[in-house]
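Q: Hey, can you walk me through this protein? I'm new to reading structures.

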Amino acid sequence: MPREILVLRESEIRQVLDMESCIDAMARAFTSYSAGEAELPDVIHLNVPEHDGEIHIKTGHLHGEPFFAVKVASGFYENPALGLPSSDGMVAVFDATTGGAAAFLLDNGYLTDLRTGAAGGVAARHLAPAEPEVVAVVGTGAQARHQIDALSRARSFREVRVWGRDEGRARACAADLAALPAIPEGCRVSVAATVAEAVDGAAVVVTVTASQEPLVRPEWIAPGAHVTAVGSDGPDKQELDGGVLAAADLVVADSLPQCLRLGEIHHAVDAGVLRAEDVVELGRITAGAAPGRTSENQRTVADLTGVGVQDVAAANLVMRRADGAGMGVRIER
């Protein structure tokens, strides 16, 4: 009997995925992971230093889902000078019953971008203030767009301040944010001259850079503010001063074991300003096993390093919807 592999391109994947459904899928994935109903090996990191490139290989399996997946995502930061996007990648999907190859999702990194933004939406649902006035975005790449798109579906706000090292890119990012379909009506989007100017008084702070030095200091974080840190997906990256986590009333990890190896939490724990046992996994909050925000005065931090079960959840969602729509090309193995 001939076996087939489904091939889906980015344009087709975009047609079957939407942010709202992806946020719901990520919430279920976090719940399953923290309940021990998922398999999640360590992330494989590969650097290509001569071209300022990094590759992350993530995989996982959600118990009961029909497919498991292996995702390869790359960030080559000299690419914009070549007229190319800095991020790329693809997802290989396998049948969880037989182990056979089922699909190649040629997403050019789109699934990574969307599921990462959606994870920020999950965090915002449970941790952001109910009525934030001002949102700060530190960073101007694709993830800045996806994080604000997801946040817009969880909270309403009146102002977004964008900071980036390159003023031109910051202005382009601000224009894109203002044009997002889900952005609250009348929301003002502006470019801040400094990180401090962007963050000062903001009720929600989102950091989406590849920085290896802290950008956000604790004295800039307003009482009752929530911080979602997204960029520190490697052991040498750091966007938040350890004091931001030390001053927080609640620190949340997407995966505690992973966040103790990379991300903001590992820096704070290594510095002795945060105890691992005081960190709560996001999946325990989505499951109702631990509280999220309980007071408007709480300072909260979510460290989102990106876990393989997110890619698995997104891939399964794509497979279900693409199959129902008869999309893609099937080739014999």
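Predicted model: local features only at pLDDT ≥ 70, side-chain atom pairs only at ≥ 80, totals over all residues.

Q: OK, how many helices and strands does the protein chain have?
A: The protein chain has 11 helices and 16 strands. Those are DSSP runs numbered from the N terminus: helices are H or I, at least four residues, and strands are E, at least two.

Q: And what share of the residues is buried?
A: Buried residues make up 56% of the 333 in the protein chain. Buried means under 20% relative accessible area, exposed is over 50%, and partly exposed is in between (1.4 Å probe, protein chains only).

Q: Why is helix α4 called largely enclosed?
A: Because 9 of the 11 residues of α4 (residues 142-152) are buried. Among them are His-146, Ile-148 and Leu-151.

Q: What covers the buried residues of α4?
A: The cover includes α2 (19-34), α3 (110-127) and β8 (134-138), and also α5 (167-178), β11 (204-207) and β12 (226-229). Contact here means heavy atoms within 4.5 Å.

Q: New topic: where is Met-90, and is Met-90 buried or partly exposed?
A: Met-90 sits in strand β6 (residues 87-95). Met-90 counts as partly exposed because its relative accessibility is 31%.

Methods. Residues numbered from 1 in each chain as written. Heavy atoms only, no water.
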